[in-house]
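Here are a few friendly notes to read alongside the structure. Please keep the 3D view open and find each residue as we go.

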Amino acid sequence: VTNIGGGFAEMVVKPLTRYRMGGDSQAVSLTLLHGVVSFLRQVAVEGMDLTEHILVKAHSTLEHATARLGEPGGVAGASAAGARRALAIGGAAE
């Protein structure tokens with residue numbers, strides 16, 4: 001959030017300072033353009049950082065859920081049921 005605030009300040013304060021110093025309109029416009037680009041860059045970086053944190057947390061949560069439920073291919077109970085079925089079939093053939 002601090003980076004976004006810095007980008008916003010650069011977008012607003014620098015052009016305003018240039019204008020108050022008696023800068024021509026082209027210099028003020030150029031400073032405003034640089035400020036807008038800086039602000040948008042900071043918003044994009046913060047957005048990617050937030051997205052990374054969310055994805056890492058989701059990945060961690062899914063790994064934890066997978067470990068709690070059993071094998072990656074299914075629920076622990078399903079593999080146990082499959083083993084019981086295989087024993088029943090094998091036992092019936094004997």
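This is a predicted model: local features need pLDDT of at least 70, side-chain atom pairs count only at pLDDT 80 or more; totals for chains, interfaces and linings use all residues.

1. Now for the chain as a whole. Of the 94 residues in the protein chain, 11% are buried. The protein chain exposes about 7,400 Å², and carbon and sulfur atoms supply 66% of that area.

2. How do parts of the sequence meet? Take the contacts between residues at least 6 apart in sequence: 56% of them join residues at least 24 apart.

3. Next, find Phe8, which sits in helix H1, residues 2-20. Is Phe8 buried, exposed or partly exposed? Its relative accessible area is 45%, so Phe8 counts as partly exposed, a class that lies between the 20% limit for buried and the 50% limit for exposed.

4. Together with Val12 and Val13, Phe8 makes a nonpolar surface patch of about 250 Å². Residues in such a patch need over 30% relative accessible area, and the 45% of Phe8 passes that cut-off.

5. Finally, move to helix H2, residues 25-69, where you will find Ser38. Ser38 has a relative accessible area of 10%, so this residue is buried; the cut-off for buried is under 20%. Which residues does Ser38 touch, leaving aside those up to four places away in sequence? They are Gly7 and Glu10.

How values were computed:
Residues are numbered from 1 along each chain as its sequence is written. Side-chain values use heavy atoms; hydrogens and water are left out. Patches are made of residues with over 30% relative accessible area and no salt bridge: like charges are joined within 9 Å, nonpolar side chains (Val, Leu, Ile, Met, Phe, Trp, Tyr) within 5 Å. Accessible areas come from the Shrake-Rupley method with a 1.4 Å probe; for residues, only the protein chains shown count as cover. A salt bridge is a side-chain nitrogen of Lys or Arg within 4 Å of a carboxyl oxygen of Asp or Glu. Helices (H or I, at least four residues) and strands (E, at least two) are DSSP runs, numbered from the N terminus. Buried means under 20% relative accessible area, exposed over 50%, partly exposed in between (1.4 Å probe, protein chains only). Contact means heavy atoms within 4.5 Å.
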